[in-house]
Amino acid sequence: MIKNLFSWIVVSLLMTQFLQAQDIGTLKDQKPFTFNGNIGGGANGYTSNEEFPTRDPFSWNLYGNFTPSVYGISLPFSFAISQFSESYTTAFTQFGISPSYKWIKLHLGYRNISFSPLVFDGQSFMGTGIELTPKNLYFGAFYGRLNKAISEENNSERPIEPQYKRIGYGVKAGIGGDHTNFSLQYFHAKDDENSIERANDSLTTVLPQENSVMGTSWKFTLTKELSLTGDAAVSVLSRDLSYNTVDSIGNKQVPSFLKKLIPINSSSVISWSGQVQLALMLNNFNAILGYRRVEPDFKSLGVPYALDDIEMISANINTSFNKGKINLNAAFNSQHNNLQNMLSSRLVTRTGNLSLNTFVNQHLNINMNMTGVRILQKDGLLELNDLQRLDQTMITAVLAPSLNFSDLVHQHTISGSFTYTNLNDQNPTTKDQTNGNNVSASLNYGLYFTQKYFDVNSTVLYSVYEQQNSQYKSLGFNVGGNVQLLKARTLNLQGSVGYFLNKASDSATGNNYTFSFNGSYLLFNSHSIGIFASYMITPPVNLNPLNDINHVPYAVNSKMLSGGITYAYNF
């Protein structure tokens, strides 16, 4: 019934608003029909002597984006098809269309609508949606499938994690403009318990769930320079639909309005989250102060990969001097978990960053950056001693100057970077295995012949990593070039070759060779074809002649070859 009612609302709103928005008087000024877009695809191959390959040996993809327009009404349509994985028997396919006219937009197929970072954001749906954005008003709604059903399979080389079919819908209504606005959101999702088959020897912990989330978002411009934005949400989540519903929890009756939103059972949890940000924007100075709190067990099935049980305070300051030639940015972030003191310990993470970018003149630019991270484990339900406590500090400093100058026929670019990283572990048990520092440096030179559409480049890389009594060094060289050929410069060729010398104080290492090639050709100003290939080889290291007799594996001996072809047509 909800599905039918939702479909009726969407169709009715679309037809009503479309008839109101259509301006018959302007039709004569519009082109009857236009059509543009692009279509393309590619195929990639990969082979190596790795015991456990990190990529599929062959993959392919097809895509298309089309935007037809009828008398000023755009009807964008897109699709994507690829070989998602050998673990799945069907190809990965997505398509969608979002026709729009003035402030009316309809979504059909695989689409995305953003409601709120706490309610519905970053989750695509396969279904129908609508957005209406007349002056100072907003209305959005959708209904569709959020996840497709994937049955469990443990017999294949790569076991498949099951996934229930999930249907969801949402509504958002708001008022206001860019400077001041307020909105309310509602989202509901439910898994189909009978949509998949579980393996007889199932070990998965994936359970069918149902979720309702109500939220609000706001932005208030307090003064011309000061604004306040925020989001808040309340979530009701049933983590396992196999439990029977209940009318009371302990001695308290479940409110009737709550039971109408979602069936309540013994796995249901109610939680909330919120965030607020205060921003000050001046001519040469900006400051932002933020606070975010997500209570334990807060979850929206419309926001993938979100973390719960976390409290965060953040601050960012940016300013510029000397007519914008000097830019300074400072940021700080502190976060911790175990908000309700239900865990054995509390993990506190503090991060600070300071960066300075200086435009010395039109040729020289210098960038400096320093980042510090402190991770500290504090007592929770358990009292920790220094031998158990996680306590680490990492400092990273970067210096990156760049110099460029040119004349009528040449353009020179020289850039470099120097990076120092130090990890200091205060735990007496683990510090010998984790303490370490790394120094890396690079120097790059590029020469571009402006009148011949040809350039060459070279790079020198050096790094040293030290940990306890061991040391690893690497020195690398890389040269490459790029050229545009033919009368219309439609043929582009790129290539590079590199060699790395590696040395470790406590083990044998091998040197690396790298090769890469890329080529593209533009046909008729609309068609383009590209090919690419890369090859890396690490020769075998065999310092002990007995290893050949005893068939001892080489310390380092790897070969990796990858390549592919792409095609695109723009119209």
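Predicted model: local features only at pLDDT ≥ 70, side-chain atom pairs only at ≥ 80, totals over all residues.
Local features need pLDDT of at least 70, side-chain atom pairs count only at pLDDT 80 or more, and totals for chains, interfaces and linings use all residues. Residues are numbered from 1 along each chain as its sequence is written, and side-chain values use heavy atoms, with hydrogens and water left out.

**Overall make-up**

The protein has 571 residues, and 32% of them are buried (under 20% relative accessible area; exposed is over 50%, partly exposed in between; 1.4 Å probe, protein chains only). Its secondary structure comes to four helices and 30 strands. These are DSSP runs numbered from the N terminus: helices are H or I with at least four residues, strands are E with at least two.

The accessible surface is about 33600 Å². Carbon and sulfur atoms hold 59% of that surface. The areas come from the Shrake-Rupley method with a 1.4 Å probe, and for residues only the protein chains shown count as cover. Of the contacts (heavy atoms within 4.5 Å) with a separation of 6 or more, 54% join residues 24 or more positions apart.

**Strands β19 to β21**

Strand β20 pairs with both β19 and β21. Pairing requires at least two DSSP bridges between two strands.

| Pair | Residues | Sense | Bridges | Opposite residues |
|---|---|---|---|---|
| β19 and β20 | 326-336 and 345-359 | antiparallel | 11 | Ala331 and Asn353 |
| β20 and β21 | 345-359 and 364-379 | antiparallel | 15 | Asn357 and Asn367 |

β20 and β21 form a hairpin. Four residues lie between them.

**Ser183**

Ser183 sits in strand β11, residues 181-191. Its relative accessible area is 7%, so Ser183 is buried. The Ser183 side chain makes a polar contact with the side chain of Gln185 at 3.0 Å. A polar contact is a pair of N or O atoms within 3.5 Å; within protein, one must be able to donate a hydrogen and the other to accept it, and residues adjacent in sequence count only if both atoms are side-chain atoms.

Leaving aside neighbours within four places in sequence, Ser183 touches Lys172, Ala173, Gly174, Gly215, Thr216 and Ser217.

**Two positive phi values**

Asp297 is not a glycine, yet its phi is near 75 degrees. Asp297 lies in the loop between β17 (285-294) and β18 (310-321). With a relative accessible area of 36%, Asp297 is partly exposed.

Tyr453 has a positive phi of about 55 degrees and is not a glycine either. The loop between β24 (436-449) and β25 (454-467) holds Tyr453. Tyr453 counts as partly exposed because its relative accessibility is 32%.
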